[in-house]
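Hello,

Here is the structure I promised to hand over. Please open it first, then read the notes below.

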Amino acid sequence: MNNYKPYSYLYKTTSRPEKLKSCFVVWVPAEKKLTLRPGDPSTVGDTTYIRYSVGNDVSQTSARQEEYEHEFNWDGNPHDVVVNIGTGEGGEGGSSTLASENAELG
């Protein structure tokens with residue numbers, strides 16, 4: 001698994017209330033930590049953003065896999081969920097986008 005590249009799943013509940021649940025795992029190098037950005041998850045139009053900053057943490061002595069979940073209300077219309085770690089690309093981050101149409105019922 002590449003550092004910071006989130007491996008994401010999206011689940012939807014179509015009963016009332018309708019909800020989307022974003023689940024992802026990410027590989028975090030030693031001496032690094034992830035912090036949810038203030039105000040996230042945030043929704044703009046038909047896209048929800050879940051963004052994490054990468055910071056230093058010398059107490060983390062080994063690389064590790066971390067798991068995260070976020071659940072939020074949804075109106076049932078087509079919706080994208082963007083998970084963004086760090087810069088969102090390359091060695092300093094990773095990103096994934098999933099559409100509600102492709103979400104599993106859960």
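Strands here are DSSP runs of E with at least two residues, and helices are runs of H or I with at least four; both are numbered from the N terminus. β2 and β6 pair in the antiparallel sense, over 10 bridges. Two strands count as paired if DSSP finds at least two bridges between them.

Two notes on the numbers. Residues are numbered from 1 along each chain as its sequence is written, and side-chain values use heavy atoms, without hydrogens or water. Because the model is predicted, local features need pLDDT of at least 70 and side-chain atom pairs count only at pLDDT 80 or more, while totals for chains, interfaces and linings use all residues.

**The open sheet**

β2 and β6 belong to an open sheet of four strands. The order is β6-β2-β1-β9, and the pairing is mixed. β6 and β9 (104-105) are the edge strands. Each of them pairs on one side only.

**Rings**

F24 and Y68 also meet through their rings. The centres are 5.3 Å apart and the planes are at 20 degrees, so the pair is stacked. F24 sits in strand β2 and Y68 in strand β6, so this pair links distant parts of the chain, 44 residues apart. Rings of Phe, Tyr and Trp (its six-membered ring) pair if their centres lie within 6.5 Å; planes under 30 degrees apart are stacked, over 60 edge-to-face, and the rest tilted.

F24 is buried, at 2% relative accessible area. Y68 is buried too, at 17%. Buried means under 20% relative accessible area, exposed means over 50%, and partly exposed lies in between (1.4 Å probe, protein chains only).

The structure holds five aromatic pairs. Another of them joins Y9 and Y11. That pair is stacked, with 6.4 Å centre to centre and 15 degrees between the planes. Y9 is partly exposed at 33% relative accessibility. Y11 is partly exposed at 25%. Ring pairs link Y7, Y9 and Y11 into a cluster.

**The nonpolar core**

In soluble globular proteins, nonpolar side chains tend to be buried together. Here the largest nonpolar core has 16 residues. F24, V26, L34, Y52 and I85 touch the most other members. At least two residues each come from β2 (19-28), β5 (47-56), β6 (64-73) and β7 (80-86). β2 gives the largest share, four residues. A nonpolar core is a set of buried Ala, Val, Leu, Ile, Met, Phe, Trp, Tyr and Cys residues joined through side-chain atoms within 4.5 Å.

What does L34 contact, leaving aside its neighbours within four places in sequence? The list is Y4, V26, V28, Y52, S53, V54, E66, Y68 and I85. Contact means heavy atoms within 4.5 Å.

**Strand β7**

β7 is largely enclosed by the rest of the structure, because six of its seven residues are buried. β5 and β7 pair in the parallel sense over six bridges. T47 has D80 of β7 as its bridge partner. β7 also pairs with β8 (residues 93-99), in the antiparallel sense over seven bridges. There, D80 stands opposite A99 in β8. The hairpin of β7 and β8 has six residues between the strands. In this hairpin G88 takes a positive phi near 90 degrees.

**Salt bridges**

Side chains of opposite charge can pair when their charged atoms come close. A salt bridge here is a side-chain nitrogen of Lys or Arg within 4 Å of a carboxyl oxygen of Asp or Glu. By this rule the count is four. Three of them follow.

- E69 and K21: the closest N and O atoms are 3.6 Å apart. E69 lies in strand β6 and K21 in strand β2, so the pair ties together parts 48 residues apart in sequence. E69 is exposed at 55%, while K21 is partly exposed at 27%.
- R51 and D40: the closest N and O atoms are 2.7 Å apart. R51 lies in strand β5 and D40 in the loop between β3 (32-36) and β4 (42-44), so the pair ties together parts 11 residues apart in sequence. R51 is partly exposed at 29%, whereas D40 is buried at 9%.
- R64 and E66: the side chains meet at 2.8 Å, N to O. R64 is buried at 14%, and E66 is buried at 17%.

Best wishes
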